[in-house]
Amino acid sequence: MKRIAVSVSVVLLTVGACADDDEAEGTVSTDRIPIILDYSPTVSDSGALLYLASHPGVDLLAVTLPGTGEADCEPGVRATAALLAAAGREGVPIGCSEPATPQDRDWPQAWRDDSNGLADELSAPQVDVEDAVDLMTARLTDADRPVTIVAVGPLTNPARVLADDPTLAAKVERFVVMGGAVDTAGNVEASPDAEWNLWIDPVAAQQVLGSGIAVTLVGLDATNAVPLTERLIARIGALDTPAARAEHGLLDRRSDIPGLYLWDELAAMAAVLPGVVRTEALSITVDSDGVTRRGDDGVTIDVALGSDADAAMDEFVRVLNGGVVPQVATLTADEIDYMIAMGELQSAQSAAMSDLFTRLDPGDGLDGVRAFVDGFFTSADVLATGLAAIEVPAALRDQHERYRLAVEAVVDQRSTLLAALDDMTGDAEAALNALEPLIEGPLEQLSTACQELEDYSFQRGGPRPCAAATAG
């Protein structure tokens, strides 16, 4: 499947390259796929926007935000404008609509705060807010051929558009929806079988799926196969296009990587490159809790039940990189040996630190604290000695030397911390609390200095040589 997906993407890239980028706003190119993106700027939604806005085979007619989404209209529209600018698509119109009626379901406040904060992260300017329903209606009305609506949030906006003017259904080629969990568990605590987008506004989901318009549902069954990994973030971080830099900046600020997936990015890719997902035509119902189930009394739609994770990640990187999948260098035999040796050094240092923490007992008083501090710097000194003795491949000598010097700089702080301990009075717990910020600084130095080696290895499919460098 991966070879097929890559072949299709090359065709789309070639076709898109021939399109006229100076077409009048609102017109539909005969060569590119006309798309309206309905989304709310979260980290995953933002990746979907950057992908579609960067793809030469996409004619992005508008970006609309539902008031039922995670971001409020004002910061959401500002963030959207900044993301479009990063992709060189400043002219794409943006709209946002407040809920028509009060909603009895909402996103966790921490998620809303994070989404609203994207505008400030991106240094987004103030922009006017257009009504999303009016904008989507106008774009569909003016379209020369049916439009694909990629909806990666609650389906409030398209449901309202179709309710206001059912004749516009003829202007929609297909909905590609990120939502649902058919044969897998959901992710909503209040409704464990539901997925968030459909749970927030199940009535809108029922209306869109029952509209008679073709639907491709890209839910958790498919997105669970494409987790956002540190290795993918490293790949994106190695790219040098404005869109890739914007995407990496957003991803790099998040610390909860294990819980993130390419939810909305995968739906956006499926709209352009269907081969990244495996679909089946299924009869699906959506209940009042937003739960998607198989059932003979449902609506037949295409449901993505799996995905090609490698093809999806390559496609995402390719488009963010301006249409080229960067050659991924592999580690040489010498570099592999070096990374293995580095890992052994770091593991030994980590084990020493772990032993120190295990033996640390505040009941031992200041003498115990002194032994802990002395042991900390002894382990750092052993690491520095090992770094000086290790055989370093030519391509890594500069990075290795910077790391070695950083470790030596940590070792040089030994006398300063021991002197600070000599001046302390009171119990061991107070001494440890006072020393904690002094030790955190050196640990941060080690982590920062070793990141160059980490990135080098990660970008070449290698191990994480520095993962244990600051363990404890």
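How many salt bridges does the count come to by the rule of a side-chain nitrogen of Lys or Arg within 4 Å of a carboxyl oxygen of Asp or Glu? The count comes to 18 salt bridges.

## Basis of the model

This is a predicted model, in which local features need pLDDT of at least 70 and side-chain atom pairs count only at pLDDT 80 or more, while totals for chains, interfaces and linings use all residues. Residues are numbered from 1 along each chain as its sequence is written, and side-chain values use heavy atoms, with hydrogens and water left out.

## Overall composition

The protein has 18 helices and nine strands; these are DSSP runs numbered from the N terminus, with helices being H or I of at least four residues and strands being E of at least two. Of the 472 residues, 52% are buried, where buried means under 20% relative accessible area, exposed over 50%, and partly exposed in between (1.4 Å probe, protein chains only).

Among contacts (heavy atoms within 4.5 Å) with a separation of 6 or more, 79% are between residues 24 or more positions apart.

## Salt bridges

Arginine 105 and aspartate 289 form a salt bridge through their side chains, at 3.0 Å from N to O. The two residues are 184 residues apart and link distant parts of the chain: arginine 105 is in the loop between β3 (94-97) and α4 (109-121), and aspartate 289 is in the loop between β7 (277-286) and β8 (292-294). Arginine 105 is buried because its relative accessible area is 17%, whereas aspartate 289, at 34% relative accessibility, is partly exposed.

In the salt bridge between arginine 404 and glutamate 401, the closest N and O atoms are 2.6 Å apart. These residues are separated by about one helical turn because they lie three residues apart in helix α16 (residues 397-411). Arginine 404 is buried at a relative accessible area of 15%, and glutamate 401 is partly exposed at 32%.

Arginine 278 pairs with glutamate 280 in a salt bridge whose closest N and O atoms are 3.6 Å apart. Both partners are partly exposed, arginine 278 at 40% relative accessibility and glutamate 280 at 34%. A network of salt bridges links Asp72, Asp106 and Arg112.

## Packing of α5 and α6

Helix α5 (residues 132-142) packs with helix α6 (residues 156-164) at an angle of about 60°, and their axes are 9 Å apart. The axes are lines fitted to C-alpha atoms, for helices over the stretch in contact, with angles running from 0 to 180 degrees between N-to-C directions. The crossing is right-handed, meaning that the near helix is turned clockwise from the far one by less than a right angle.

Ala132, Val133, Met136, Thr137 and Leu140 of α5 make the contact with Asn157, Pro158, Arg160, Val161 and Asp164 of α6. By class, this contact has six nonpolar, two polar and two charged residues. Ala, Val, Leu, Ile, Met, Phe, Trp, Tyr, Cys and Pro count as nonpolar, Asp, Glu, Lys and Arg as charged, and the others, Gly among them, as polar.

## Arginine 293

Strand β8 contains arginine 293, which is partly exposed at 41% relative accessibility. Not counting residues up to four places away in sequence, arginine 293 touches Asp193, Ser283, Ile284, Thr285 and Asp287. Arginine 293 and serine 283 are 10 residues apart in sequence, with their C-alpha atoms 8.3 Å apart in space.
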